[in-house]
Amino acid sequence: MTLNNKQKQYLKGLAHSLKPVVLLGQHGLTEGVLAEIDVALAHHELIKVKVATSDRETKQLIFDAIVRETAAIKVQTMGHILTIYRQAQEPKIALPRK
């Protein structure tokens, strides 16, 4: 699934008031963290993940791994926060057409 710009803008608006659901700590991206992100995506569809690292390259690699491993779509990144979306079996968020 791919999102067009209008759909991404809509999701960014919805995500504005959200707090990060998953916080990555000193142990980084583990199987447990990925499982927690997967559960949160299944329940909420749109979540924020906070990655606490000061290295830009490491942070970008973690963001890419999260998107790849969860089969989610990256909506946006702002600083240490990654916003991702994955449509659930029974969608809760109605995306605009085009």
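**Figure legends: fold and helix contact**

**View 1. Secondary structure of the protein chain.** The protein chain comprises 3 helices and 4 strands. The model is predicted. Read from the N terminus, the order of the elements is α-β-α-β-α-β-β.

**View 2. Overall dimensions and burial.** Along the principal axes, the C-alpha atoms of the protein chain occupy a box of roughly 40 × 25 × 25 Å. The radius of gyration of the protein chain is 13 Å, which agrees with the value near 13 Å for a compact globule because the chain has 98 residues. Of these 98 residues, 39% count as buried. Considering contacts in the protein chain between residues at least 6 apart in sequence, 68% link residues at least 24 apart.

**View 3. Crossing of helices α2 and α3.** Helix α2 spans residues 31-44 and helix α3 spans residues 56-70. Their axes come within 10 Å and cross at roughly 60°. At that angle α2 is oblique to α3, since only angles from 65 to 115 degrees count as roughly perpendicular. The crossing in which α2 passes α3 is right-handed.

**View 4. Residues in the contact of α2 with α3.** On the α2 side the contact is formed by L34, I37, D38 and L41. On the α3 side, I66, E69 and T70 meet these residues. Sorted by class, the contact of α2 with α3 contains 4 nonpolar, 1 polar and 2 charged residues.

Technical notes: Residues numbered from 1 in each chain as written. Predicted model: local features only at pLDDT ≥ 70, side-chain atom pairs only at ≥ 80, totals over all residues. Heavy atoms only, no water. Axes fitted to C-alpha atoms, helices over the stretch in contact; angles between N-to-C directions. Helix = DSSP H or I, 4+ residues; strand = E, 2+ residues; numbered from the N terminus. Parallel < 35°, antiparallel > 145°, perpendicular 65-115°, else oblique. Left-handed = near helix turned anticlockwise from the far one by under 90°. Contact = heavy atoms within 4.5 Å. Nonpolar A, V, L, I, M, F, W, Y, C, P; charged D, E, K, R; others polar. Rg over C-alpha atoms; globule rule 2.2 N^0.38 Å. Buried < 20%, exposed > 50% of the residue type's maximum accessible area, 1.4 Å probe, protein only.
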